[in-house]
Amino acid sequence: MSEIRLYVTTTEKKAGQVLDLLTEVFGEEDIAIATTEIDEKKDIWEASIYMMREDENAVRLRVEEALKVPFPDLKVAREVIPDIDWVAKSLEGLKPVRAGRFLVHGSHDRAKVRPGDIGIEIDAGQAFGTGHHGTTAGCLEVIDSVLRSRPVGNALDLGTGSGVLAIAVRKLKNIPVLATDIDPIATRVAAENVRRNGIASGIIAKTAPGFHSTAFAEYGPFDLIIANILARPLIKMAPKLAEHLAPSGSVILSGILAEQRWKVLSAYNGAKLRHVRTIWRNGWVTIHLDRP
């Protein structure tokens, strides 16, 4: 059955606002929401929501109702996405990505790992995180910087997806890493990628729907917490995340659109964490904070 994309065309700022709004409306439902840059010079962006054809009518009604008052000028357009093997298709043009000392590559590009590279092999698959998205690459860059400059005895990769960030930490430093995700498929994929990258021990992959999971108390507190999720859940979890951070620990946050960074920083300042730096990649930011 074909997938349907409903979308609106607008500016970068409004696309981000629509993303926040639809994220609030659809919450934890199994529906993908995203923004895409169409024309940088003209500031043309699309905010999209994806669903199966059978769910289209119900989703469209909710989208149109949500947009009616704050964005009365935005018209919802529709695209039918053909049934394509996207894993195979994405691998055709998926080039290795450099971030810090890391080279994230697919199995088809193993030969491109050079002496001195820290290679991480991740094929496109069911879980998010091949290194090509600005949020993942930004996290890799900050992980490299933090592990060079600060003492870190253990780490948490919250919302691990493909496991790429947990693998990066373990390849840089021989410390225990807890990799958690709310999605059991992501947890399984992460564990498979850990093995594929030759890591026999040191990374524990756990399915954990929230901070009430016993895994966090069992393996924490953490000297380094990495959370590449989305701005809204990051803001909500700020107090709990801070509770599991060790004294003088570091936090790396991403999945944040540039215009959302102030809300995220405000939430974590309220949790008594200090801003160290922010880096930008393709309209997304990665934020490094610590506990003074």
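In this predicted model, Arg-5 and Glu-46 form a salt bridge whose closest N and O atoms are 2.8 Å apart. Arg-5 belongs to strand β1 (residues 3–10) and Glu-46 to strand β3 (residues 44–52), so the pair ties together parts that lie 41 residues apart in sequence. Both Arg-5 and Glu-46 are buried.

**Salt bridges**

A search of the whole structure finds 17 salt bridges. Two further examples, together with the pair already described, are set out below.

| Salt bridge | N to O distance |
|---|---|
| Arg-5 and Glu-46 | 2.8 Å |
| Arg-196 and Glu-121 | 3.4 Å |
| Arg-150 and Asp-290 | 3.1 Å |

The side chains of Arg-196 and Glu-121 meet in one of these salt bridges. Arg-196 is in helix α6 (residues 184–196) and Glu-121 is in strand β7 (residues 118–121), so this pair ties together parts 75 residues apart in sequence. Arg-196 is partly exposed, having a relative accessible area of 40%, whereas Glu-121 is buried, with a relative accessible area of 8%.

The side chains of Arg-150 and Asp-290 also meet in a salt bridge. Arg-150 sits in the loop between α4 (134–149) and β8 (155–158), and Asp-290 in strand β14 (residues 284–290), so the pair ties together parts that are 140 residues apart in sequence. With a relative accessibility of 24%, Arg-150 counts as partly exposed; Asp-290 is buried, at a relative accessible area of 3%. Salt bridges that share partners also join Arg-5, Glu-46 and Glu-79 into one network.

**Annotated positions**

The unreviewed UniProt entry places the feature "binding site" at Thr-136, Gly-159, Asp-181 and Asn-228. Thr-136 is located in helix α4 and counts as buried, because its relative accessibility is 1% and the buried class covers values under 20%. Gly-159 lies in the loop between β8 and α5 (164–172). Its relative accessible area of 29% makes Gly-159 partly exposed. Leaving aside neighbours within four places in sequence, Gly-159 is in contact with Thr-180, Asp-181 and Asn-228. Asp-181 and Asn-228 are themselves among the positions that the UniProt entry lists under "binding site".

**Nonpolar cores**

The largest nonpolar core has 30 residues, and those with the most contacts inside it are Ile-120, Val-169 and Leu-224. At least two residues of this core come from each of β6 (102–105), β7, α4, α5, β9 (177–181) and β11 (222–228). Not counting residues up to four places away in sequence, Val-169 touches Ile-143, Leu-147, Ala-155, Ile-175, Val-177, Leu-224 and Ile-226. Another core, of 28 residues, lies apart from the largest one; Ala-227, Ile-256, Leu-265 and Val-285 are among its members.

**Helix α2**

Helix α2 (residues 56–68) has 13 residues, which at 1.5 Å a residue should span 18 Å; the C-alpha atoms at its ends are 18 Å apart, in agreement with that value. The buried residues of α2 are Glu-56, Val-59, Val-63, Ala-66 and Leu-67. Viewed down the helix axis, these buried residues fall within an arc of 105°, so they line one face of α2. That buried set packs against β1, α1 (12–26), β3 and β4 (77–81). The exposed residues Asn-57, Leu-61 and Glu-65 are carried on the face of α2 turned away from its buried side.

How values were computed
Residues numbered from 1 in each chain as written. Predicted model: local features only at pLDDT ≥ 70, side-chain atom pairs only at ≥ 80, totals over all residues. Heavy atoms only, no water. Salt bridge = Lys/Arg side-chain N within 4 Å of Asp/Glu carboxyl O. Helix = DSSP H or I, 4+ residues; strand = E, 2+ residues; numbered from the N terminus. Buried < 20%, exposed > 50% of the residue type's maximum accessible area, 1.4 Å probe, protein only. UniProt positions renumbered as here; feature names shortened; annotations may be inferred. Contact = heavy atoms within 4.5 Å. Core = buried A, V, L, I, M, F, W, Y, C linked by side-chain atoms within 4.5 Å. Expected span 1.5 Å × (residues − 1). Arc of directions from axis to C-beta.
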